[in-house]
Amino acid sequence: MSERSSVSMPEIIERVHAALHSIDEGDPILDCSAAVLALLPTQPDPLIALAHAKLHSYPFHSVPVCWRRLHTDASLAKALALLQDGMRHSCAGERKKCRASLHQDDSLEWIDEAVKVLDMAAIMAGSAGRVEIIEQVLSTLKDFLPEQHSTSDAKRPKMQTWPLSFPHSPAMSPANVPAIHFPVQSSVAPSMQSFEAHMKTAQPLCITEAITHWPAMHERPWSSPAYLLDETLGGRRLVPVEIGRSYTDTGWGQSIITFSEFMHKYLMLRTADSSEMGYLAQHDLFSQIPALRNDIAIPDYCYTTPPPSNFPGSATGSRLPLPQLEEPLLNAWFGPAGTISPLHTDPYHNILCQVVGKKYVRLYSPDETPKLYSKGVENAGIDMSNTSEVDVEASRDTLDADFPLFRQATYVEAILNEGECLYIPVGWWHYVRSLSVSFSVSFWWN
């Protein structure tokens with residue numbers, strides 16, 4: 001578990017106040033009008049609403065930085081007021097007395113609201129310009145919360161009990177685990193030289209024994225609900241969740257909910273008869289919650305130089321040359337058995353690392369693209385050319401009737417087990433289905 005903060009709440013309040021009142025010359029927030037900025041210390045709520053509206057009036061990558069900065073600082077100003085009120089009404093300012101008072105009175109609503117406000121700033125605006133101070137606030141708030149305990153902590157009083165592991169999934173029964181007929185080539189922790197040589201073949205590769213040293217696999221186990229709840233402030237942290245089996249399904253949607261609600265509803269209480277599915281998918285969880293980032297490491301393979309690729313835009317999901325990444329892009333994939341990433345391609349080379357559970361993965365070479373029925377540009381003008389129309393595991397009759405060329409396409413496949421990685425070359429189509437509660441991390445690089 002991550003250590004509790006050594007910074008007191010009064011110190012954090014002072015730091016936040018100083019940050020909000022010392023805006024540097026050239027800060028993009030100054031591009032907002034002076035009248036808007038004048039409201040920042042006393043009326044953050046209407047400014048959050050204004051910035052929220054502005055964030056949704058531009059394409060995501062075209063949002064002027066001033067509106068992300070305004071959303072962040074208005075959220076920080078609102079959190080500051082919550083911290084001050086919480087300390088004033090619940091604490092005498094002395095840490096031990098404060099924590100005892102909070103636990104006795106169960107007066108944690110101000111903490112819940114402060115976490116919500118700051119996480120919305122992180123999710124909606126990327127904590128623009130305030131990543132460090134927001135993380136300091138959230139770290140200090142943990143010091144005022146009762147610790148989460150697992151069921152093994154029998155001698156300690158429990159504020160809430162969480163199991164040491166996720167429930168077994170019916171999807172893991174032999175009848176529901178696909179037989180592997182065309183296995184992906186596998187290698188035990190190849191050297192950098194061997195991996196670079198393999199990349200020249202432009203073929204996928206299963207890699208074993210490369211991430212067994214990660215703390216997430218052992219001393220800080222992501223397989224433990226108790227640990228994950230502790231690292232998310234007792235489950236108070238907000239996360240964006242996809243609602244539905246797959247983003248290509250009718251009725252698919254998105255929602256921002258607390259981590260504890262996500263765990264309870266979609267992972268812990270889920271049964272074979274559960275119809276609704278929730279998936280924390282392709283989210284940069286690790287910049288939002290650095291404590292979890294410390295449990296993993298970027299594989300050395302991501303610092304190799306891939307050979308050039310000459311795939312058309314429909315095989316890479318990008319019609320323009322992509323800039324060189326300074327660091328790999330990390331994304332979390334966390335959900336119950338049955339979640340699906342439909343057949344698609346990524347614009348970067350990818351190493352998918354399996355930390356918890358198992359996944360079935362099927363991969364098709366870019367050469368098979370004409371048989372895979374790319375969606376193309378949809379009515380709303382959204383380019384979906386990196387996604388196939390095909391439901392890979394549909395019945396043969398359905399596939400033959402709707403996509404007659406699909407079953408002629410050759411593929412390779414794998415069951416990705418805990419502690420294993422899968423290298424997916426850029427341009428390769430891949431379909432992924434979770435066979436159990438599953439927590440994976442993808443690393444994109446070019």
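How many cavities of 30 Å³ or more does the structure hold? The structure holds two. This is a predicted model, where local features need pLDDT of at least 70 and side-chain atom pairs count only at pLDDT 80 or more, while totals for chains, interfaces and linings use all residues. Residues are numbered from 1 along each chain as its sequence is written, and side-chain values use heavy atoms, with hydrogens and water left out.

View 1. Among the 14 lining residues, Trp333, Asn350, Leu352, His430 and Val432 are the closest to the centre of the largest cavity.

View 2. Look for Ser434 in strand 14 (strands are DSSP runs of E with at least two residues, helices runs of H or I with at least four, numbered from the N terminus). Ser434 counts as buried because its relative accessibility is 1% (buried means under 20% relative accessible area, with a 1.4 Å probe and protein chains only).

**View 3. Helix 6 and the residue after it.** Helix 6 spans residues 109–125. Its buried residues include Trp110, Ile111 and Met124. Just after helix 6 comes Gly126, with a positive phi of about 65°.

Definitions and conventions
1 Å grid on protein atoms, 1.4 Å probe; cavity = no way out; pocket = protein on both sides within 12 Å on 5 of 7 lines; lining within 4 Å. Points joined across faces, edges and corners; volume = space filled by probe spheres on them. Buried < 20%, exposed > 50% of the residue type's maximum accessible area, 1.4 Å probe, protein only. Expected span 1.5 Å × (residues − 1).
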